[in-house]
Amino acid sequence: MNLSLDTIQSSDFLTEEQIEVRDAARDFAQRELLPGVIERDTHEKFPHEQMKMMGELGFLGMMVDPKYGGSGMDTVSYVLAIEEISKIDASAGVAMSVNNSLVCWGLEKYGTEAQKQKYLVPLAKGEILGAFCLSEPEAGSDATSQHTTAEDKGDYYLLNGTKNWITNGGNASVYLVIAQTDPEKKHKGINCLIVEKGQEGFVVGKKEEKLGIRGSDTHSLMFTDVKVPKENRIGEDGFGFRLAMETLNGGRIGIAAQALGIAAGAYELSLKYSKERKTFGKPISEHQAIQFKLADMITSINAARLLTLQAARVKDAGLNYVNAAAQAKLFASQVAMDTTIEAVQVHGGYGYVKEYHVERLMRDAKITQIYEGTSEIHKIVIAREILK
Ligand code: CAA
């Protein structure tokens, strides 16, 4: 039995269509992402060509209705695909997750028909990329503390401020920007505006040099007196913070899947290596010290996979998935960190060099405990949900 295809990934648990999507993502990742992944990590290169192909395969608007250019799939298919992509290239995994969960989702759920035709259709087809702009120099975990302002000028908003650590920041064409319109109303005075690259006063700032997910494109963004037409606001006046929070609930399922992929990738490499590498006259897989590590890895990965699939299923069932998403993201990101550290240990000296991939996966894992809500924020979210 192939351990990467264990029971919870079998047809007892998944539909034929979900298995097809997973296998297509797995084939694509092996064929197109694996060959250049070390080079892209080393030189911080965005996987342009590969993202284009992912768009053509329908991976960038997976859950969007086909009438808006999407693939019309469920969240389970989406997490299976992100896991497979992230096993090989977690940078492509986050670019995919942001486009699907943080950009397409909000536009489809709350956008006007005109916004959908103009922005959602090309985003869902993968013709252009989107970015979600919430974090600021002084507003990370404390997301209500927005300093970017969107002053109401009648038929347009005047946008001023800076956004930080924006995924797809340099390569996006469409940006969903969260900004404060009426500070007296606190989070109920916040709006979400669609801004296009190239608008006067909008500058893409420096690209961040990062520990991990180095192939992903992370920038600061500056807005100086950018005129954003009122028709580019998503939802009612003051709905922007609620929209951001609802968006992140789904985004967190995508990041749980990314973390799961990082962990599963490290585990699969460790399993293979442990059967090949010999010490003291036998494969290291025959040493109990290594067996225990592999046993811990697969057990925690399967637990993370169940939580992630559960969150996806709760969302697909139309139920409240805040808690399920937070639990999946909290747990899967911890599993990604623990598993990748152990994967480096299993590989010994080879694990510390780039060629064996696990050091990259270890660096990539860390961000999953930070973005789309830190682990600490997730504990707050979970506690609030169970105590209300
Ligand atoms: N779902 C829906 N609504 C939510 C919500 C959720 N998960 N969390 C909060 N809300 C709503 C609340 O119900 C409340 O609305 P009402 O006033 O109408 O009742 C409103 O939002 C404000 O909530 P709180 O009073 O709880 O606000 P708070 O300041 O105490 O805490 C927080 C809010 C949960 C800590 C929130 O700030 C948070 O989630 N912070 C983390 C931010 C985050 O995840 N950032 C990620 C950046 S994006 C990113 O990382 C993208 C990338 O690059 C990959």
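Gln 115 lies in helix H6 (residues 113-124); helices (H or I, at least four residues) and strands (E, at least two) are DSSP runs, numbered from the N terminus. The structure is a predicted model, in which local features need pLDDT of at least 70 and side-chain atom pairs count only at pLDDT 80 or more, while totals for chains, interfaces and linings use all residues. Residues are numbered from 1 along each chain as its sequence is written, and side-chain values use heavy atoms, with hydrogens and water left out.

Gln 115 has a relative accessibility of 2% and therefore counts as buried. Here buried means under 20% relative accessible area, exposed means over 50%, and partly exposed lies in between (1.4 Å probe, protein chains only). When neighbours within four places in sequence are set aside, Gln 115 is in contact with Leu 107, Leu 120, Ile 194, Glu 231, Asn 232, Arg 233 and Ile 234. Contact means heavy atoms within 4.5 Å.

Two packed helices are described by the angle between their axes and the distance between the axes. Axes are lines fitted to C-alpha atoms, for helices over the stretch in contact, and angles run from 0 to 180 degrees between N-to-C directions. Angles under 35 degrees count as roughly parallel, over 145 as roughly antiparallel, 65 to 115 as roughly perpendicular and the rest as oblique. Helix H4 (residues 75-88) packs with helix H7 (residues 240-276) at an angle of about 40 degrees, and their axes are 7 Å apart. H4 is therefore oblique to H7. The crossing of H4 past H7 is right-handed; a crossing has this hand if the near helix is turned clockwise from the far one by less than a right angle, and is left-handed if anticlockwise. The contact includes Tyr 78 and Ile 82 of H4, and Ala 257 and Gly 261 of H7. Its residues divide into 8 nonpolar, 6 polar and 3 charged. In this division Ala, Val, Leu, Ile, Met, Phe, Trp, Tyr, Cys and Pro count as nonpolar, Asp, Glu, Lys and Arg as charged, and the others, Gly among them, as polar.

The axes of helix H5 (residues 90-110) and H7 come within 9 Å and cross at roughly 155 degrees. H5 and H7 are therefore roughly antiparallel to each other, and H5 passes H7 in a right-handed crossing. Among the residues in this contact are Trp 105 and Tyr 110 of H5, and Leu 243 and Gly 250 of H7. The contact of H5 with H7 comprises 9 nonpolar, 8 polar and 2 charged residues.

## Aromatic pairs

Rings of Phe, Tyr and Trp (its six-membered ring) pair if their centres lie within 6.5 Å; planes under 30 degrees apart count as stacked, over 60 as edge-to-face and the rest as tilted. By this rule there are 8 aromatic pairs. The rings of Phe 202 and Phe 223 are stacked, because their centres are 4.7 Å apart and their planes are at 15 degrees. This pair links distant parts of the chain, with Phe 202 in strand E6 (residues 202-207) and Phe 223 in strand E7 (residues 218-229), 21 residues apart. Both Phe 202 and Phe 223 are buried.

Tyr 350 and Tyr 356 form a tilted pair, at 5.0 Å centre to centre and 45 degrees between the planes. Tyr 350 is partly exposed at 37% relative accessibility, and Tyr 356 is partly exposed at 26%.
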